[in-house]
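Keep the model open beside you as you read.

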Amino acid sequence: MDISTLTSLLTDHFVVVIFAASLIVGYIIKNTTIFKKVPNDDIPAILAVFGGILNAVVSGPSVETVVWGAFMGLASTGAHQAFKAFVEGKRSTDTIERDK
């Protein structure tokens, strides 16, 4: 698979609205008092389901749209963690060295 095929695949299926909506919903779940009982480990699963359902509504129901929507929901979780680590100045090696 060459880079143009990969780029075409991602641009055809990357729905910015699903990504942004999942990011916002994840932020709301993480930071509001109503959802404090939701464990942090469950947030990625919730966003995967949310992204899959939302993409099926936006793009039409099919297995492919649900899978790509779930992927966008999980990608928003990863983007949040990367941004949080960037803002706080943490590196992945910081936690490894501290555990030794």
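**From surface to pocket**

The protein chain has an accessible surface of about 7200 Å², and 69% of that belongs to carbon and sulfur atoms; such areas come from the Shrake-Rupley method with a 1.4 Å probe, and for residues only the protein chains shown count as cover. What you see is a predicted model, in which local features need pLDDT of at least 70, side-chain atom pairs count only at pLDDT 80 or more, and totals for chains, interfaces and linings use all residues. Residues are numbered from 1 along each chain as its sequence is written, and side-chain values use heavy atoms, with hydrogens and water left out.

Start with the overall layout. The protein chain holds five helices and zero strands, where helices (H or I, at least four residues) and strands (E, at least two) are DSSP runs numbered from the N terminus. Of the 100 residues in the protein chain, 23% are buried, meaning under 20% relative accessible area with a 1.4 Å probe and protein chains only. Among contacts (heavy atoms within 4.5 Å) between residues at least 6 apart in sequence, 57% join residues at least 24 apart.

Now find H3. This helix has 17 residues and spans 23 Å from its first C-alpha to its last, close to the 24 Å expected at 1.5 Å a residue; the expected span is 1.5 Å times one less than the number of residues. Its buried residues are Ile 43, Leu 47, Ala 48, Gly 51, Gly 52, Asn 55 and Ala 56, and they pack against H2 and H4. After H3 comes Gly 60, with a positive phi near 100 degrees.

Which residues does Ser 22 touch? Ser 22 sits in helix H2 and counts as buried because its relative accessibility is 0%. Leaving aside residues up to four places away in sequence, Ser 22 touches Leu 47, Phe 50, Gly 51, Met 72, Gly 73 and Ser 76.

Finally, look at the largest pocket, with about 210 Å³ of space. A pocket is an open set of points on a 1 Å grid over the protein atoms alone, where a 1.4 Å probe fits, with protein on both sides within 12 Å along at least five of seven lines; lining residues have an atom within 4 Å of a point. Of the 14 lining residues, Lys 30, Ile 43, Thr 77, His 80 and Gln 81 are the closest to the centre of the largest pocket. Helices H2 (16-31), H3 (43-59) and H4 (63-88) each supply at least two residues of this lining.

Methods. Grid points are joined across faces, edges and corners, and a volume is the space filled by probe spheres set on the points. Buried means under 20% relative accessible area, exposed over 50%, partly exposed in between (1.4 Å probe, protein chains only).
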